[in-house]
Amino acid sequence: MSVQAVVSSSPRVMRIAVVGVGLVGGEFISQLLKFPSPNPFRIVSLTSSKTTLYAPDGLPITPNDWKQSLSQSGLKPDLPFLVRELSSLVKPGQDVVLVDNTSSNVVAALYPQFLKHGVNVITPNKKAFSVELSLYESILSASLESGAKFFNEATVGAGLPIISTLKDLVATGDQVLKIEGVFSGTMSYIFNEFSTGQENGPSFSSVVKVAREKGYTEPHPADDLNGADVARKLTILSRYIPSLRSALPGGYQSVRTKSLVPAELEGIDSGDEFIRRLPEFDAHFDKIRADAAKENKVLRFAGVIDVASGTIRADLEKYPVTHPFATALGGSDNIIMFYTARYGARPLVVQGAGAGAAVTAMGVMSDLLKLV
Ligand SMILES: NC(=O)C1=CN([C@@H]2O[C@H](COP(=O)(O)OP(=O)(O)OC[C@H]3O[C@@H](n4cnc5c(N)ncnc54)[C@H](OP(=O)(O)O)[C@@H]3O)[C@@H](O)[C@H]2O)C=CC1
Ligand SMILES: N[C@@H](CC=O)C(=O)O
Ligand code: NA
């Protein structure tokens, strides 16, 4: 059945408020406005960190003019107003969705309020699901209370079906033994380019700069290089595994990770300044690349959740040049291997681009279609 067929059999209109209109948000808005006719989606609000627009029956915007309309709105963002207004739109037969395309803790902390009032939440923002367990539990209970749904597929592996696969494995009674792989599109791109088994190659700082230009990094690239982004993803996944659900009550900061951020650059708030100073440390990365190459190995940043031992960790590892992490990955590829009782020694593997605006927005869009 085509997407169009699903939509034509379902004439319900869905009202959508989009908070965060950057790389992912902008691409998502574009995919939404270009959705095949009859388009069931009405964008009722757009919000950046500086301005907002709101019209309960849908904003009169097109793919060509929404940016200008938003920048000229003259209205300041007001999240409590958005909670109240969206809640008032929820009625039987009228679905309302908050799509959070920010990386903001402030927006994430409001999910329980939206959900409690019946507003569905869809997001690629990892924050709510990777900090203290108490916020995650409030999200679950608010969703149960009102019946509003939340989906977060794009928080791990962007558009790749990672969370849905894990949920299906658990829900059908399989026993997850281990999840292992390369979970960061940025780290994957960096090391696929930087470490190919040769002693020499492009400088570390130059590949980090390109990863940022391609839209793979977090708003601040240090959040990728310090291992926090991978730690957040491992936290999110571990909470779907029953025996590990409460393993990280304080969140991602308890995950053992390797930081690649030079001590001298820690605490630099500006991403631009961070990128400008990174070349000062290229010699250090040249040496670890050359050391690996002398052993006929490449560098890859990998993570693991080992259920039996309760180990959840990520590190920069060396792999033989013949290993699949060396031969099968390219670009921003993630590779995630699910070892389970049913799949035995040969894991269920999901692989593909794990970062970038188009694939991430597709993950958000696919969550929206789950609601339709
Ligand atoms: N890029 C990728 O490949 C992937 C990204 N993600 C996640 O998607 C999210 C967005 O990433 P990306 O688009 O790259 O980031 P950007 O920095 O490009 O966009 C972030 C947007 O959020 C807005 N924003 C920040 N804080 C607030 C706030 N308090 N209220 C309203 N708006 C706010 C910013 O506003 P302004 O424009 O005014 O600055 C900006 O529009 C992040 O959570 C990221 O982790 C997930 C998977 C992959
Ligand atoms: N910065 C992240 C984006 C997706 O989550 C990554 O590089 O994987
Ligand atoms: Na995903």
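The structure described here is a predicted model. N296 is found in the loop between α15 (282–294) and β9 (297–306). Its phi is near 60°, a positive value in a residue other than glycine. Most residues other than glycine have a negative phi.

A158 also has a backbone angle of this kind: its phi is positive, at about 50°, although A158 is not a glycine. The residue lies in the loop between β6 (150–151) and α9 (163–171). A158 is buried, since 27 other C-beta atoms lie within 10 Å and 20 or more are enough for that class. A further backbone feature is the cis peptide bond that joins S37 and P38, with omega at about -5°. Most peptide bonds are trans. P38 is placed in the loop between α2 (23–33) and β2 (41–47).

For the chain as a whole, the secondary structure comes to 17 helices and 12 strands. The radius of gyration is 21 Å, close to the 21 Å given by the globule rule for 372 residues, so the chain is as compact as a globular protein of that length. Along the principal axes, the C-alpha atoms fill a box of roughly 65 × 50 × 40 Å. Of the 372 residues in the chain, 43% are buried. Among the contacts with a separation of 6 or more, 70% are between residues 24 or more positions apart.

An open sheet is formed by 6 strands, in the order β3-β2-β1-β4-β5-β6, with mixed pairing. β3 (52–54) and β6 stand at the edges and have a single partner strand each, so one side of each is left without a neighbour in the sheet. Strands of a sheet pair through backbone hydrogen bonds, either parallel or antiparallel. β4 and β5 run parallel and are joined by 3 bridges. In this pair, V99 stands opposite I122 in β5.

Several positions carry a "binding site" annotation in UniProt. One such feature, from an unreviewed entry, is placed at T102 and K126. These positions span 25 residues in sequence, yet no two of their C-alpha atoms are more than 9.5 Å apart, so they gather at one spot. T102 is in the loop between β4 (95–100) and α5 (105–108), and it counts as buried because it has 23 C-beta neighbours inside 10 Å. Residues up to four places away in sequence being left out, T102 touches V19, G20, V107 and N125. K126 lies in the loop between β5 (120–122) and α7 (127–130). K126 counts as buried too, with 24 C-beta neighbours inside 10 Å.

V21 is in the loop between β1 (14–19) and α2, whereas V24 is in helix α2. V21 is buried, with 22 other C-beta atoms within 10 Å. V24 counts as buried, with 28 C-beta neighbours inside 10 Å. Leaving aside neighbours within four places in sequence, V21 is in contact with G26, I29, L46, S48, L70 and N101. On that basis the contacts of V24 are N101, P124, A357, T360 and A361.

Definitions and conventions: Residues are numbered from 1 along each chain as its sequence is written. Chains are lettered from A and ligands numbered from 1 in the order in which they are written. This is a predicted model: local features need pLDDT of at least 70, side-chain atom pairs count only at pLDDT 80 or more; totals for chains, interfaces and linings use all residues. Helices (H or I, at least four residues) and strands (E, at least two) are DSSP runs, numbered from the N terminus. The radius of gyration is taken over C-alpha atoms; the globule rule is 2.2 Å times the number of residues to the power 0.38. A residue is buried if 20 or more other C-beta atoms lie within 10 Å of its own, exposed if 12 or fewer, and partly exposed in between; C-beta atoms are placed from the backbone. Two residues are in contact if their C-beta atoms, placed from the backbone, lie within 7 Å. UniProt positions are given in the numbering used here, feature names are shortened, and annotations may be inferred rather than shown by experiment. Two strands pair if DSSP finds at least two bridges between them.
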